[in-house]
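Hi there,

Here is the structure I promised to pass on to you. Have a look first, and then read on for my notes.

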Amino acid sequence: MQKNKKLIESMENIFRTSNSPEELFDAFRVAIENKVKDEELYKILLRNKALSIDEISMYTEKICKVFPDVSYNIFFCVGQLLESISSYGKHNEKAFSYFMKSAGSAPASNEPYLAISKMYNAELNVPRFEVVAETVEDGISKVEIKSPLCFALSNLYLNRGDKEKALSYQKLGEIYQREGK
């Protein structure tokens, strides 16, 4: 156990401070070979600024393949990361896909759909409004707690100028909220 703790501390230090993609890859390989299942450790790696978008994707897919039970949190983390570093919607499509993978990993969770609704940029129409609205609408039938998605759709439509749809989603959200959904 002590050996494993030292190994994790060493990898965490590398994941936090290394600027070398090669060193990061080697440490990652060691972590996978030693079956280190520590999602917080991998989140540190995925946030390392030395990694390219392709490398982040590669690590994410490998982590989620090897440790499927942490895939919801890892996919969600990467969606947030890509959205946060996206200027002018450059990585929004990829962020959107990771939020959808997160939703697929935990279908009852409304968080990925809420994240998708929040990433909509009206000025750039990125991701496209129709895609965002349709995705969030589809999510209502899948998630456990539905009212936040209805309220998110109400806000999206209100900002879009469609007061009729905004009001209908507001009312639907209130109904779900009264039902505890």
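Where does Lys 35 lie? Lys 35 is in the loop between helix H2 (21-33) and H3; helices (H or I, at least four residues) and strands (E, at least two) are DSSP runs, numbered from the N terminus.

Before going further, please note that this is a predicted model: local features need pLDDT of at least 70, side-chain atom pairs count only at pLDDT 80 or more, and totals for chains, interfaces and linings use all residues. Residues are numbered from 1 along each chain as its sequence is written, and side-chain values use heavy atoms, with hydrogens and water left out.

Back to Lys 35: its phi is near 50°, a positive value in a residue other than glycine. Most residues other than glycine have a negative phi, and most peptide bonds are trans. Lys 35 counts as exposed because its relative accessibility is 65% (buried means under 20% relative accessible area, exposed over 50%, partly exposed in between, with a 1.4 Å probe and protein chains only).

The loop between helix H7 (111-118) and helix H8 (129-140) is worth a look too, with Pro 127 in it. A cis peptide bond links Val 126 to Pro 127, with omega at about -25°. Asn 125 lies in the loop between H7 and H8 as well, and its phi is also a positive value, near 50°. With a relative accessible area of 28%, Asn 125 is partly exposed.

Is Asn 48 buried or exposed? Asn 48 counts as buried, since its relative accessibility is 7%. You will find Asn 48 in the loop between helix H3 (39-46) and helix H4 (53-66). Leaving aside residues up to four places away in sequence, Asn 48 touches Ile 14, Phe 15, Arg 16, Ser 18 and Leu 24 (contact means heavy atoms within 4.5 Å).

Finally, a helix pair. Helix H9 (residues 147-160) and helix H10 (residues 163-178) pack at an angle of about 165°, and their axes are 8 Å apart; axes are lines fitted to C-alpha atoms, for helices over the stretch in contact, and angles run from 0 to 180 degrees between N-to-C directions. That angle makes H9 roughly antiparallel to H10 (under 35 degrees counts as roughly parallel, over 145 as roughly antiparallel, 65 to 115 as roughly perpendicular and the rest as oblique). Among the residues that meet are Phe 151 and Tyr 157 in H9, and Tyr 169 and Leu 172 in H10.

Enjoy exploring!
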